[in-house]
Amino acid sequence: MNEADTRAELIDPALKEAGWGVVDRSRVKREENITAGRIQGAGKRGEQSIADYVLYYKGHKLAVIEAKSKEKHVTEGLGQAKKYAQLLGIRYTYSTNGVSIYRADMETGAEGEVDCYPTPDELWDMTHSERLEWRELFGEVPYHITKFEPRYYQHNAISKALEKIAQGSDRILLTLATGTGKTVIAFQLAWKLFHSRWNLGGKPTRRPRILFLADRNILANQAFNSFSAFPEDALVRIAPSEIRKKGQVPKNGSIFFTIFQTFMSGTDADGNSAPYFGEYPKDFFDFIVIDECHRGGANDESNWRGILEYFSPAVQLGLTATPKRDNNADTYAYFGEPVYIYSLKEGINDGFLTPFRVKQVDTTIDEYVYTSDDTVEEGEVQEGKEYTESDFNRIIEIKEREEYRVKLFMEQIDQNQKTIVFCATQNHALAVRDLINQISSSTNPDYCARVTASDGKIGEQHLEVFQDNEKTIPTILTTSQKLSTGVDARNVRNIVLMRPVNSMIEFKQIIGRGTRLYEGKDYFTVYDFVEAYRHFQDPEWDGEPLQPEPPTGGGTDGIEGPPTTTTPTEPEGEGAGAAPKKIKIKLADGKERLIQSMIQTSFWSPDGTPISAPEFVSKLFGDLPALFTNEAELRKIWGNPESRKTLLQGLEDKGYGLDELDEVKRLTAAEKSDIFDVLAYISYALPTITREQRVEDHKEIIFNKYSEKQQEFINFVLQHYVNEGVRELDSEKLPDLLELKYDSIPDAVAQLGNVKDIRDMFIGFQEALYSKEA
């Protein structure tokens, strides 16, 4: 009895007998996808996590069951069952072979065989010792499903938050990496609260009043648009212009959206400050969502803190991508410990975020010391002083240096791919924008646009179009601080760092600009001119939550600071102060032609940190013995399309995808070689040869076995192999190659023999191609 038979004949009837799928509001979901599988390149993904059974009751996930065939031991699937239960945040998990049932309690660690599955009510009582009315009312409201159900971690975050609300908590914190869908979570929470008629009164007598509070208009607008499934008259966008026009704050509605700065605006009849939020009763809002809460009013020093304290009766939910350090920050002291955390590492390894590679760029003008042959065009240069990255484009400017850097990354990137360039100041972003437009191959005047605080509505329009994945212009945006967070542009393929990133929080947010998924996007690339890669070596990179760092202020010379928490102004001010006297240097004639650079590539590794190419090769060297034991075995494996596919899958599972292996070919000066040569070189120090040379060396022994017509087809395939690489020898490629050569499969059969003969030939010549004999 195989596994499918075991499920159909033994497990399904046992679940039905226990009432699952029979008792009202109970449900058995089979083959539930939990993770998507890590993106590995070339359109491939790693192994997904798929639970055989998930048991639902009253809208809650209560148990996982991992099934194996009747012939296997009852605990054969226990490891998987525990893994899936841990991912889904479920207390009870079961492993079964259809004959016996083994249960594990993930909370207490107790485990052992049981006689039967619990009924839905029994499992509900086992999971929830305390009866909470709102828990059941929330469960009665299904998620609003458009295209996809919430991902498992979004479901976990929503469930954890609702449980806290049901228990009466009034301060809740959720910490999830950038790009994992915090707005989706906020929407589903609002949906369940709205339709269950939850409110602070404790009885479902009216719909709640919910406030979505952000510190930037772009975030508030994105959220407002994302909540469009609610009735139109339920949604209210609180804007200063509307308040002034109507003479009062809007109160008719259920879900309100605004920014801190708007709420802090307002004056009385005498022109004195009278913040708009004070026009609402203190208990007006039942539930408040504070987006990017680490930047908002939870800080003890923030004037915005008064808004949250004023509305203290409301249940307040903080959303952030930047958790805390060991010494609690104000944000975490205010909200308490996160009820759920989902990290960047988890997101990438689960396949819900895009992995990245880092190109670390070093040049011979990363630092500068003035010499008398250079010309000081403005300001006063300090002789003997070494000007470093933090000085450039703030107190000293060398145009030739910026031109070199821009030319360098423009040569590296695909100029048709969306790119964000982070610059030192708003003026620097202007200069880089101009250089990009001068250098690019595009004829469109808006190919590269600047988006900073100074660009106002024009910048916002450029950003809105950039975020539209169907539009290609503007292709590149330059910025200083403005785009480091809160920008949902899914098709960003390149991030260029041309200014230091001193804050770990900001670094995480910048990396998050590229992590969103998009069709055909296997990875994104960070071009690092400023040694920001050092953050990856910090234990806090993707370890314990980070403490939010204080804002650096408005700065000078058009330097954008993070959104201020002390200035109650209406605009989203990332303000600019007066420009100091900057030093401008013109390099001596010919010096710019002497500037050189070195680029090192790092890859994403499953442990959450990028790994350099040399480290990658070293790690690969250590992992290869587990996949084959000697050169002969490697040749045998590689010479058969099916075993080669299995080996490549094993490499991918360990983090060595085809894209990474192609990069190692470049590193070992073997770009025109086969991946086989790279593996043989690393494992056994065999010299690498080009694909063309391999074909030439083995043609005689290949062709000896086949007819003239077969030789003609093999020669056709080998030419594709030489030009394109080993992927052309995959079994999946055979039908395409036949149709390309003969127009149709029947025509190919007429020339080459029956389908089995053709397949045997396709496999057989590859054995000869990789044989040691030549």
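I started with Asp105, which makes a salt bridge to Arg91 with the closest N and O atoms 2.9 Å apart. By salt bridge I mean a side-chain nitrogen of Lys or Arg within 4 Å of a carboxyl oxygen of Asp or Glu. The pair links distant parts of the chain, 14 residues apart: Asp105 sits in strand β7 (residues 101-105), Arg91 in the loop between α2 (78-88) and β6 (92-96). Helices (H or I, at least four residues) and strands (E, at least two) are DSSP runs, which I number from the N terminus.

A note on what I'm looking at: this is a predicted model, where local features need pLDDT of at least 70, side-chain atom pairs count only at pLDDT 80 or more, and totals for chains, interfaces and linings use all residues. Residues are numbered from 1 along each chain as its sequence is written, and side-chain values use heavy atoms, with hydrogens and water left out.

Next I checked accessibility, taking buried as under 20% relative accessible area, exposed as over 50% and partly exposed as in between (1.4 Å probe, protein chains only). Asp105 comes out buried at 8%.

I then looked up Lys584 and Glu378, whose side chains meet in a salt bridge at 3.9 Å, N to O. They are 206 residues apart, with Lys584 in strand β26 (residues 583-586) and Glu378 in strand β18 (residues 375-378). Lys584 is partly exposed at 26%, and Glu378 is partly exposed too, at 32%.

Arg401 and Glu402 were next on my list; their side chains form a salt bridge at 3.0 Å, N to O. Arg401 is buried, at 0% relative accessible area, and Glu402 is buried at 4%. Both belong to a network of salt bridges that also links Asp366, Glu389 and Arg405. Searching the whole structure, I get 35 salt bridges.

Then I turned to strand β9 (residues 171-176). Six of its six residues are buried, so the strand is largely enclosed by the rest of the structure. I recalled that side chains in a regular strand alternate between the two faces of the sheet. Here both faces are covered: Arg171, Leu173 and Thr175 are buried on one side, Ile172, Leu174 and Leu176 on the other.

Last, I looked for the partners of β9, counting two strands as paired if DSSP finds at least two bridges between them. β9 runs parallel to strand β14 (residues 315-320) over five bridges, with Arg171 opposite Gln316. Strand β15 (residues 340-342) is also parallel to β9, joined by three bridges, and there Leu174 has Tyr340 as its bridge partner.
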